[in-house]
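This report describes how parts of a protein model meet one another. The structure is shown first, and the description follows.

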Amino acid sequence: MWQAIKSVLAAFLGVQKDARRREDFASNRPGTFIAAGLLVGLVFVLLVAFVAVLAAR
Amino acid sequence: MRTLLAWIAGGLTSVVLTPVALADGWNMPVGVTAISRDIYSLHMIIFWICVVIGVIVFGAMFYSLFRYRHSRGAKAATFHEHTSVEVIWTAIPLLILVGMAVPATATLKNMYDTSEADLDIMVTGQQWRWRYEYLGEDVAFTSNLGTPREQINGTGEKGEYYLLEVDEPLVLPVGQKVRLLLTSDDVIHSWWVPDLAVKQDAIPGFVNENWVRIEEPGIYRGQCTELCGKDHAFMPVVVEAVKPERFDEWLAERKEAAAQEASSADREWAMDELMERGQQVYGSLCASCHQEDGQGIGNFPALAGNEAMLDDVDWHIDRVVNGVSGTAMASFRNTLSAVEIAAVVTYERNAWGNESGDSVQPSEIAERLADQGE
């Protein structure tokens, strides 16, 4: 899972090592990556909302 | 190489240090409010950030093109990736963007804070003029283009403020927070005064808010900046900022004049008086469509020799008071006083060869407006 989260974070930034990418694609459990994507996406949205609430105070 | 670098650095320094005043007329104005200064400095900071990025990126590119050119035997590198360099060139723009967004958001937040205003003004766009209402003060008027028709038609010399002058400017006190409530009676207009850093759409059925606190007395000019039809270019905005004492005097004078106007509706008006006043009203509100000579133009019907209008005075008054839905003919119920409606109807019935001889009394109109208002 931690591996998947790291890959999702790299995808958010848009930079990934080729070796790591090969490793990820060797895995046959896409569900882990989808879950990690949704989780990190949710955290990002909450983070933006938190900053907006702070700024609006 | 070293002299080239020195030359570039020297050139850059002189460009950066050249007074901004030199850019007068090209750059946006600094303006006369705290917000306008904030916007100006944001604009300049972001501009210089862009310049620095441009110089670095294009400098690196041109240097590489020149230094590693084919004729000097350069060979292309074939490596695939370099994660740390990629992270750096992704993170730096991210930081720059966040760095620009923080002060920009702070300014936006300030612009939207219309609370605790000292004065509220309703600004209504109409084809093709602005109406200003000092809320709670019983003072309201329309501000029409002040440029004479001859200048527009090209038969007169154009003045200094050609198409940027009005018959009655919006008068505001300096140092006070003035809230502007913008809306429209017909189509979308936009109220724009660069020196005040206000550019806000006036939309029918919406009330948009903005605010200004002008710091220096003066006259600030702007224009409608949303294409709103035939005379879009002929509805400028002029704001006259005056000291608060002067503003109070002006407001008292306007209130007095409004009270006099209302009471003068009760007395009998002579034909000459009505015609004179009517011509004035016609010139500022009606002539842009129906034309100075009453002949109309395009979709705008002629009033000279208009049988339907001359046959029925009630029909005529109804059109002026209520407008004609589905056409550009606006309702003047809230724009004109009873005296002005009576005068303009009388004028239209007796000008340009119309010889109805009718004189419509302001008291009749006042009664009619009161009946319809119920």
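In this predicted model, the centres of domain 1 of chain B and domain 2 of chain B, taken over C-alpha atoms, are separated by 34 Å. Each of the two supplies residues to the contact: 12 residues come from domain 1 of chain B and 12 residues from domain 2 of chain B. The domain assignment of chain B places domain 1 at 27-67 + 82-113, domain 2 at 119-259 and domain 3 at 265-373.

**Domain 1 and domain 2 of chain B**

Between them, domain 1 of chain B and domain 2 of chain B bury about 960 Å², with 53% of this area on carbon and sulfur atoms. The interface of these two domains holds 1 salt bridge. B:Arg37 and B:Glu215 form a salt bridge in which the closest N and O atoms are 2.4 Å apart. Polar contact across the interface of domain 1 of chain B and domain 2 of chain B amounts to 7 residue pairs, both residues at pLDDT 80 or more.

Which helices supply the side of domain 1 of chain B that touches domain 2 of chain B? At least two residues each come from α2 (34-67) and α3 (83-112) of chain B. The largest share of that side, 5 residues, is from α2(B). Sorted by class, the side of domain 1 of chain B that touches domain 2 of chain B has 6 nonpolar, 4 polar and 2 charged residues.

**An annotated span in chain B**

For residues 116-253 of chain B, UniProt lists "domain: Cytochrome oxidase subunit II copper A binding", in an unreviewed entry. In the model, this span of chain B is 11% helix and 42% strand, and the C-alpha atoms at the ends of residues 116-253 lie 26 Å apart.

**Chain A and chain B**

A further interface joins chain A and chain B, with 8 residues from chain A and 7 residues from chain B in the contact. Here the count of salt bridges is 0. Polar contact between chain A and chain B is found for 1 residue pair, both at pLDDT 80 or more. On the side of chain A that touches chain B, the residues divide into 4 nonpolar, 1 polar and 3 charged.

The size of an interface is often given as the accessible area lost when the parts come together. The table lists that area for the two interfaces described here.

| Interface | Buried area | Share on carbon and sulfur atoms |
|---|---|---|
| Chain A and chain B | about 630 Å² | 63% |
| Domain 1 of chain B and domain 2 of chain B | about 960 Å² | 53% |

Note on methods: Residues numbered from 1 in each chain as written. Chains lettered and ligands numbered in written order. Predicted model: local features only at pLDDT ≥ 70, side-chain atom pairs only at ≥ 80, totals over all residues. Heavy atoms only, no water. Contact = heavy atoms within 4.5 Å. Buried area = accessible area lost by both parts, 1.4 Å probe. Salt bridge = Lys/Arg side-chain N within 4 Å of Asp/Glu carboxyl O. Polar contact = N/O pair within 3.5 Å; in protein donor to acceptor, adjacent residues only side chain to side chain. Nonpolar A, V, L, I, M, F, W, Y, C, P; charged D, E, K, R; others polar. UniProt positions renumbered as here; feature names shortened; annotations may be inferred. Helix = DSSP H or I, 4+ residues; strand = E, 2+ residues; numbered from the N terminus. Domains from an automatic or database assignment.
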